[in-house]
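Here is a short note to read alongside the structure. Take the points in order, and keep the 3D view open as you go.

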Amino acid sequence: MRLLLVDDEVELVSTLAERLSFRGIDADWVASGEEALKKAETETYDLAVLDVKMPRISGIKLKGMLEAKYPDMKFIFMTGHGSEDDFRTGSSKAYYLVKPINIEALISKINEVLKK
Amino acid sequence: MNCKPDMIGETGLHFFGKMSATNCHDIKNALAIINENIGLLQDFILMSEKGMAIDQERLKTLAEKVVKQVWRADGFVKNMSRFAHSIDEPVVNVDLNEILELVKMLSSRFVSMRGVTLKPEPSMNPVMVTTNPFLLENLVWLCLDFAMEVAGSGKTVGLITEETKDGARIRFTHIEGLKEASTDMFPTEQAKALLKTLNGELTPDAGAGELALILPRDIGS
């Protein structure tokens with residue numbers, strides 16, 4: 001399994017990638033939508049974990065751009081807004097995590113999304 | 001019940017909500033980074049318990065990162081506190097440099113999202129006016145939001161405070177697209193209502209790419 005983490009908070013994604021690597025998950029990280037698009041051209045990812053609010057290219061827009069090029073890629077959103085309860089309705093509930101992220105919850109969500 | 005819409009009240013509430021939400025978002029990001037750094041520290045402790053050597057420098061760096069984020073979050077809370085207290089008194093003597101700085105800090109994520117850089121050029125001395133601080137903050141934000149929208153991503157908007165003969169003004173400069181901007185874009189009805197309440201005036205200079213918010217020395221004068 002190969003992951004791409006995208007968040008404009010560099011300290012957050014870099015540390016998260018390191019912690020995932022300790023748990024046997026190979027994760028690259030970038031700090032913008034533009035970098036993510038470049039990275040995805042040279043590497044193959046099963047899943048991208050995207051921050052919703054980023055300058056220039058938002059996570060939602062980035063998902064659309066990546067999805068169009070790589071239809072098999074799966075997505076999980078991270079958001080600093082609201083609480084988990086805000087995303088408990090609707091069919092997309094499996095794809096959201098609210099910051100601060102619980103790493104075990106992230107891994108469980110990664111497995112859940114990749115199984116679909 | 002037939003309530004007449006209160007434009008100033010609605011605009012103010014919208015502004016307060018918008019700034020509160022964006023600052024909550026920033027605080028959450030700082031907490032998320034603290035959470036990851038502490039999580040990494042816990043990972044290192046577990047590794048150490050299994051006999052792996054831990055780099056002391058790494059621990060020191062982690063501690064420094066946590067401290068940095070605590071102060072970052074504290075900055076957001078301080079700004080929100082100052083902002084919340086600006087509703088305490090309807091009319092006070094305020095320094096325009098401070099008002100502008102507060103609005104800039106509160107809206108930093110919006111500025112970043114728009115890809116605009118702000119270049120404040122505060123006056124060397126305090127620029128004092130007697131006014132309603134909350135309504136002024138709201139009006140400054142509406143002007144700034146408009147200036148950023150017109151300037152566009154990748155551009156720099158200058159912010160200048162200065163005294164005038166009868167009061168003071170804030171100049172939003174380097175708004176390159178002002179010439180092309182439609183005249184009915186700004187001031188909006190909300191901005192007009194705030195201007196009226198604050199006895200202020202907006203003077204655009206399309207040629208120079210500037211918008212000046214002119215304020216009386218005393219809102220009552």
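What percentage of the 116 residues of chain A count as buried?

1. **Before you start.** This is a predicted model, in which local features need pLDDT of at least 70, side-chain atom pairs count only at pLDDT 80 or more, and totals for chains, interfaces and linings use all residues. Residues are numbered from 1 along each chain as its sequence is written, while chains are lettered from A and ligands numbered from 1 in the order in which they are written.

2. **Burial in chain A.** The answer is that 36% of the 116 residues of chain A count as buried. A residue is buried if 20 or more other C-beta atoms lie within 10 Å of its own, exposed if 12 or fewer, and partly exposed in between, with C-beta atoms placed from the backbone.

3. **The elements of chain A.** Chain A has four helices and five strands. Read from the N terminus, they follow the order β-α-β-α-β-α-β-β-α. Helices (H or I, at least four residues) and strands (E, at least two) are DSSP runs, numbered from the N terminus.

4. **The sheet.** The strands of chain A form an open sheet of five with parallel pairing, in the order β2-β1-β3-β4-β5. Two strands pair if DSSP finds at least two bridges between them. At the edges stand β2 (26-30) and β5 (96-98) of chain A, each with a single partner strand, so one side of each has no neighbour in the sheet. On average, neighbouring strands of this sheet are turned by 20° against each other, direction ignored.

5. **Pairs to look for.** Strand β1 (residues 2-6) of chain A pairs with β2(A) in the parallel sense over five bridges, and Leu3(A) stands opposite Ala27(A) in β2(A). Four bridges join β1(A) to β3(A), where Leu4(A) is opposite Ala48(A). Five bridges join β3(A) to β4(A), and Val49(A) has Ile76(A) in β4(A) as its bridge partner.

6. **Where the chains touch.** In all, 17 residues of chain A are in contact with 16 residues of chain B. Two residues are in contact if their C-beta atoms, placed from the backbone, lie within 7 Å. On the chain A side, α1(A) gives the most, with seven residues. That side has seven nonpolar, three polar and seven charged residues. Here Ala, Val, Leu, Ile, Met, Phe, Trp, Tyr, Cys and Pro count as nonpolar, Asp, Glu, Lys and Arg as charged, and the others, Gly among them, as polar.

7. **Two helices of chain B.** Helix α1 (residues 7-49) and helix α6 (residues 189-197) of chain B pack at an angle of about 110°, with their axes 9 Å apart. That makes α1(B) roughly perpendicular to α6(B) (angles under 35 degrees count as roughly parallel, over 145 as roughly antiparallel, 65 to 115 as roughly perpendicular and the rest as oblique). Axes are lines fitted to C-alpha atoms, for helices over the stretch in contact, and angles run from 0 to 180 degrees between N-to-C directions. Met7(B), Ile8(B) and Thr11(B) in α1(B) meet Glu189(B), Gln190(B), Ala193(B), Leu194(B) and Thr197(B) in α6(B). The residues of this contact divide into four nonpolar, three polar and one charged.
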